[in-house]
Amino acid sequence: MTYRSNTAFSIPATLAILGLVLFTIHRRNPGFVQAAETAKTVIHITFGVDGAKDVDWSGTISPAPARLSGWQFDSQDGIDGNRWKCTAREETYWDTPYERSMGPTSNRDKVTRKGVLAEFDVPLSGDIQVETKQGRFSFTVDSSLWTGPRVFLGNRVEVRSAPLAAALSPRPGVEDYPALLETKDGTLWLASQSWDGDGDQIYLRRSAGGEWSPPEALTSGRGDYYRTAIAQDGAGKIWVVWSAQESANFDLRARSFDGKRWSAPERLTTAQGSDIFHALISDRSGNLYLAYQSARSGNFDIFLRIYDGKKWSDEVQVSSDPAHDWEPALAAARDGRVTIVWDTYAKGNYDVVSRTYERGNLGPIVPIAESGAFESRASAQYDRQGRLWIAWDEGDWNWGKDYANLIGEKGRGLLVRRQVRVAVLSNGKLREPAAPIFAAIPGGFRQVFQQPRLVLDEHDVPWVFFRYRVNLPRHVKGQIYRGMWRLGATGYQHGRWLPMIEFPEGYGRIDAPVSAIAARGQIEVAWVSDGRLWPAGFPRQQNLLLTAIPQARESTASELVAYTAPAENLAPPHPNEASDLTRVRDYRATVGGRNLRIARGDIHRHTDLSWDGNRDGSLNDAYRYAMDAAGFDFLGVCDHQAGESIPYHWWMIQKAVDLFTIPGRFAPLYSYERSLPWPNGHRNVVFPDRGRPVLEISGAEERGEEGAGKLYRYLRRLGGLATSHTSATGAGTDWRDSDRELEPIVELYQGYRNNYEEPSAPRHAPARQAARFAAGSVWSAWAKGIKLGVQSSSDHVSTHTSYAAVFIDRIERHAIFQGLKARRSFAATDNLIVDFRMGGHFMGEIFGARPPVPLKAYIRGTGALARVSLIKNNRIIYTAPGAGPEMNFTYTATDTEPGESYYYIRIEQQDGQLGWSSPVWVRY
């Protein structure tokens, strides 16, 4: 007997139909109902629920389904007709435990559950028979399989209904950002964005009777677009809104359809600064409300425009705090109110707030979730009683603050804990469901489930769609990911959340968008899946998928209790951070007749687009962290091979740079990481301009047979630079290659690991590692005469302890790039000021002089200084003891033998914070 390997529930070509796929629901259970009977049913059978290892669950099912697919099958499992073979084995998984202090990547041994997904094309009558090596059982398909699993064989097997996904054809490219709408006549509309390798297009499809139209392009040519929104106005016109970049500025554009033809594209925003994260909704009268996040005056605020059937209003500013405000959502009540919900960093952490537009005026800002925890990314909808339901992400206290190797508990990383919260605002009081939503999530997935999309069905039953993290086995060879993200859903009824419904085709990145609406008597769902397969989890083709899940037959009273805010309460690790940042930003250094300021940033930040990004946040999380929690002036997202050599990932990474650029305030860099083992080492590649191709890694480079020559030629041709990191590790280099112009700086310290300055320095690498890779220390590079300035960046997981600081004349991408090339940089673990010179020359410079030449340093710490050490040619020649947070010193070297020497300073505070200047090189 031949079994075909089957590693995930796939959609055969025969199912690439035009139309939403509905489900057969038996009428015996009155809890759920749908608008129309169909002939499609998917049953998910899970084996090994008890966790027993090495159990053979091979078996058969009858009647034979139209299609049978494996769930969490690997290469040792397979399908043959209505038979399967599979064994629940114990495997070692990548792990992501809840950490109060950051630890290294950990492992976890557990038994991998197996399962099958049986798809039936005809309505079922009678029992389904299942026979396995562990016994036989039977069950009848009815609607109760949506409310929770049935268990068999001593609670070792679970049976559940599952959503059946349909892909739309033709597929114009890499599809993303769906937005669903049901119009007054019952037609479904779907707007989406697609990338074809050269640029984006905005498309629209419609379905009037279960058959979807081909995609219709709303944009001409290939552009640079971001997200779609769709709504219908009072006259019946369909409006689609998207953000488009032209002349280095993202503005909102719209087109409307009057039933016969589309209008010309209309520009809805004109301000200099990105207008993004737009939401569109209609009120009871058919007026349209467009809320969006807009970069004005150095920060993001929330704005609103209203269309009254004739024209769009002037912009209304909804928020005006100097802090950033993010990702608005809209909800329209039956009485005409429209509420904008967003999250703000006004109090030094993310809080969810709302503001209601009523009778032509905006009301006051109303707090929804305002603890010290991470509370963001709200989704909201009014019920028929006029109550506002809201779902949002809740993370840790001190999100994005001090979280690094070798430091105690002070803050949390970007993805230590992230859970959905749901609450109801009624008559000014915040309440929540009597049962917590995490009770619906299987225990292994409760630590991180996020990105909620809330929708009320036609009977006011709330449904929440979300992404949850699934860690993967370690044994897989080749292209792998440590974790992937699945789509799940739950609904609240009769005082409990239904056990989580898993979407078998729900794989994708963390922030893969979901659109869900109550329509046609069910919940219509559109989402993005990138085709990942168990157990490798590597992204493949990204498509839009559609399904529907049944809604409740009738309304049920929502059991609500008083809302309870998160109880954790970590003290702020930097209570004076605002004044520290002001001091750093206000500092000026005169260098060569130019007045320079300090730009702070991070050149090495990973996201979930990296194969090992299971503990990192999304691409958008990285920018929230940089702009808010860290208060940076620039950021370099450096995912491996620009997102594992997936072209769309590199397109997304580069687009994010443009989306979040705020002229004069925040200037991120185009960057990625090339990861090679010793002796070539890991290098981050940085460009000041967009559109540079990714340089693939050759086998000769992997084996160490080819050095950095190819990289240097690539950088010289395209105008980039590189910076090595973790140099004294197996991911480092012995400095066999160098180029002063193309590799001017080194990542001396990173919060994820250690200080690679020299083996006895503070926060140095473990002794065994330091000894084995001693040739990779930065001292070794300097001893070879390699001219490297210094910077500090985070790499994975760590936050708020790694700062790359560069002296520049303005916050602008090219200025930052030139400052790095000139080595006018220093590294720090806190918001220090470091100004180091020799004679009339600034750190990073190379010059000749006749002795004696005085060395001058100015240091301003964030706490009392312990000592400042002056180092010459890998030897400490002078130590100045600290006496408060500030120090000025002058030192004139007396041992000035002929030849070249280098000098730099190392700063140590009493609280353990560190700083390093770039060297100066002088030839006497």
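Helices, as I use the word, are DSSP runs of H or I of at least four residues, strands are DSSP runs of E of at least two, and both are numbered from the N terminus. With that, Ser274 is found in the loop between strand 24 (266–267) and strand 25 (275–282).

Some ground rules. This is a predicted model: local features need pLDDT of at least 70, side-chain atom pairs count only at pLDDT 80 or more, and totals for chains, interfaces and linings use all residues. Residues are numbered from 1 along each chain as its sequence is written, and side-chain values use heavy atoms, with hydrogens and water left out.

Back to Ser274. Is Ser274 buried or exposed? Its relative accessibility is 3%, so Ser274 counts as buried; the cut-offs are under 20% relative accessible area for buried, over 50% for exposed and partly exposed in between, with a 1.4 Å probe and protein chains only. Contact means heavy atoms within 4.5 Å. Leaving out residues up to four places away in sequence, Ser274 touches Asn249, Phe250, Gln293, Ser294, Ala295, Phe300, Asp658, Leu659 and Thr661. For Leu659 there is also a distance: its backbone oxygen lies 2.7 Å from a polar atom of the Ser274 side chain.

Two packed helices are described by the angle between their axes and the distance between the axes. Helix 3 contributes Leu619, Asn620, Tyr623 and Met627 to the contact, and helix 5 contributes Met652, Ile653, Ala656, Val657 and Phe660.

Next, the sheets. Strands of a sheet pair through backbone hydrogen bonds, either parallel or antiparallel. I count two strands as paired if DSSP finds at least two bridges between them.

Val157 belongs to strand 15 (residues 157–161). With a relative accessible area of 0%, Val157 is buried. Beyond four places in sequence, the contacts of Val157 include Phe47, Trp57, Phe137 and Phe152.

A second open sheet of five strands has the order 6-7-4-12-13, with antiparallel pairing. Strand 6 (78–80) and strand 13 (135–140) are at the edges with a single partner strand each, so one side of each has no neighbour in the sheet. Strand 12 (residues 127–132) pairs with strand 13 in the antiparallel sense over six bridges, and Glu131 stands opposite Arg136 in strand 13.

Last, a hairpin. Strand 43 (residues 514–519) is largely enclosed by the rest of the structure, because five of its six residues are buried. Strand 43 pairs with strand 44 (residues 522–529) in the antiparallel sense over six bridges, with Ser515 opposite Ala526 in strand 44. Two residues lie between the strands of this hairpin, and Arg520 takes a positive phi near 55°.

Key: A polar contact is a pair of N or O atoms within 3.5 Å; within protein, one must be able to donate a hydrogen and the other to accept it, and residues adjacent in sequence count only if both atoms are side-chain atoms.
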